[in-house]
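Trainee: I'm new to this one and would rather learn one spot well than skim the lot. Could you pick a single residue and take me through its surroundings?

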Amino acid sequence: MQLEVTEVLWFEQHELSLPELAELSGLSPALLEELLDCGAIAPLKLQRARTELRFGSAALRTARAAGRLRSDFELDLQGLVLALGLLERVADLEAQLRELRARQPQPIL
Amino acid sequence: MKYKDYYASLGLERGASEEDIKKAYRRFARKYHPDVSKEAGAEEKFKEIAEAYQTLKDPQKRAAYDQLGAHAPGQEFQPPPDWRQQYSESPFAAEDLDLSDLFAHLHAGASARGARGARRSMPGQDYEIAVAITIEQAFQGTQIDLDLNMPEYDAEGRLHRTPQVFKARIPKGATDGQRLRLPGKGGKGLNGGRNGDLYLNISLRPHPLYRASGHDLYLDLPLAPWEAVLGTAVEVPTPGGVVRLKVPPGTQAGRHLRLPNRGLPKPKEGQGDLYAIVQIVVPSVVGETDRALYQKLSNDSAFDPRAHFATEAGHAT
């Protein structure tokens with residue numbers, strides 16, 4: 001039987017706690033803490049205690065990528081942190097490139 | 001169910017060693033992993049490789065796979081009758097299954113046994129889907145049809161492939177590179193585990209007029225030379241409808257004329273801007289009258305667009 005439901009999407013704009021981030025990314029809380037210590041994953045606000053940390057969609061995206069990279073490439077923590085850092089730089093450069101391309105007038109034929 | 005040749009997926013012969021399997025997987029993973037590869041079709045290719053590797057790297061699963069015999073890829077086949085008894089803990093409906101389900105199932109059986117009969121709860125799988133929408137759809141919000149085919153256990157604990165068709169509403173405010181999450185719309189959890197999530201990765205299709213950067217839009221605005229010199233008012237298309245834009249006298253090519261809040265809406269509130277980029281366009285064919293006017297302008301005008309060449313060259317010496 002085919003069910004047809006209209007779903008209202010939830011924009012990734014609400015804040016996640018550390019356990020919620022662990023659940024949604026499939027990473028262990030211990031590994032998440034290590035990624036947090038290395039600065040590979042950043043919370044929304046820095047100054048608070050660990051139990052009060054809140055994460056946004058960017059952290060969820062990074063954590064999910066970390067889960068995939070770790071299992072698919074069998075990476076250790078150092079390799080993982082390195083790969084995540086490089087991927088973030090690539091994403092940043094791609095965003096800049098996209099903006100430059102958008103601002104660049106197209107040649108007139 | 002359709003047969004898949006896992007050895008061929010990894011570019012290997014049947015008798016390949018464990019080391020060969022690992023090496024082949026690593027080589028292909030580096031090339032096709034969706035997080036690192038920009039090749040077209042990389043994601044599909046990686047899924048195929050990962051599925052082959054998941055089975056072949058595990059000696060027990062590999063033995064089970066080898067006993068299915070060799071068939072042509074895509075050929076319909078059934079596991080031999082004794083295969084089920086030997087490798088499968090619980091019943092399954094082979095007709096509507098994917099070959100990968102058979103081996104995922106093998107794994108589920110093994111872990112259930114490890115927990116001494118206590119059925120372990122397992123969260124459902126998350127899925128990510130790429131969704132390309134137009135700039136108009138991003139502006140207004142849109143509905144898309146999702147057609148998924150996910151493995152699922154029925155009430156008797158039998159594994160099935162269940163097609164799921166549903167509509168998803170993409171609210172206005174989506175833009176290139178954004179992700180949306182549909183909680184619980186991924187694979188079903190097992191034994192009380194939570195359902196997986198479905199992630200939609202949004203991309204914007206190229207548009208003949210607008211180019212998007214975040215929620216801002218850019219549009220080329222061609223002007224005739226005299227319009228740029230004298231100034232004018234032009235009608236500019238925007239996703240929300242045509243607006244009138246005043247072009248001030250002496251507008252240079254390349255200038256960005258900003259139309260505030262005429263770009264894409266943002267998720268919560270506010271709206272990006274639309275920038276009209278001035279281009280000065282000359283006719284490729286010039287009639288007699290026009291030519292005479294240009295000639296008169298050329299003779300009479302004191303304008304020197306390259307005056308700074310002389311000054312700068314003077315500095316150099």
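**Around B:Gln279**

Mentor: Let's settle on B:Gln279. Leaving aside its neighbours within four places in sequence, it is in contact (heavy atoms within 4.5 Å) with A:Pro105, A:Gln106, A:Ile108, B:Asp220, B:Leu221, B:Pro222 and B:Leu223. Before going on, bear in mind that this is a predicted model: local features need pLDDT of at least 70, side-chain atom pairs count only at pLDDT 80 or more, and totals for chains, interfaces and linings use all residues. Residues are numbered from 1 along each chain as its sequence is written, chains are lettered from A and ligands numbered from 1 in the order in which they are written, and side-chain values use heavy atoms, with hydrogens and water left out.

B:Gln279 belongs to strand β11 (residues 274–280) of chain B; strands (E, at least two residues) and helices (H or I, at least four) are DSSP runs, numbered from the N terminus. Is B:Gln279 buried or exposed? With a relative accessible area of 10%, B:Gln279 is buried, since buried means under 20%, exposed over 50% and partly exposed in between (1.4 Å probe, protein chains only). A polar atom of its side chain sits 2.7 Å from the backbone oxygen of A:Gln106.

Now step back to the whole interface. Chain A puts 34 residues into the contact and chain B puts in 46. Together they bury about 3,800 Å², 52% of it on carbon and sulfur atoms; buried area is the accessible area (1.4 Å probe) that two parts lose on being put together, summed over both. Between the two chains, 13 residue pairs are in polar contact, both at pLDDT 80 or more. There are also 8 salt bridges across the interface, the rule being a side-chain nitrogen of Lys or Arg within 4 Å of a carboxyl oxygen of Asp or Glu. A:Glu23 and B:Arg194 meet in a salt bridge, at 3.0 Å from N to O. On the side of chain A that touches chain B, β1 (6–8), β2 (10–11), α1 (18–25), α3 and α4 each supply at least two residues. Of these, α3(A) gives the most, with 8 residues.

As for chain A itself, 4 helices and 2 strands make it up, in the order β-β-α-α-α-α along the sequence. Of its 109 residues, 30% count as buried.

Back in chain B, follow B:Leu221, one of the residues touching B:Gln279. B:Leu221 is among those with the most contacts inside the largest nonpolar core, which has 37 residues. Such a core is a set of buried Ala, Val, Leu, Ile, Met, Phe, Trp, Tyr and Cys residues joined through side-chain atoms within 4.5 Å. B:Leu245 is another of the residues with the most contacts there; not counting residues up to four places away in sequence, B:Leu245 touches B:Leu221, B:Val236, B:Leu257 and B:Ala276, among others. A second, separate core of 31 residues includes B:Phe28, B:Tyr32, B:Phe46 and B:Trp83. In soluble globular proteins, nonpolar side chains tend to be buried together.

One last stop is the loop between β10 (256–259) and β11, where B:Asn261 lies. B:Asn261 has a positive phi of about 60° although it is not a glycine. Most residues other than glycine have a negative phi. At 46% relative accessibility, B:Asn261 counts as partly exposed.

Technical notes
A polar contact is a pair of N or O atoms within 3.5 Å; within protein, one must be able to donate a hydrogen and the other to accept it, and residues adjacent in sequence count only if both atoms are side-chain atoms.
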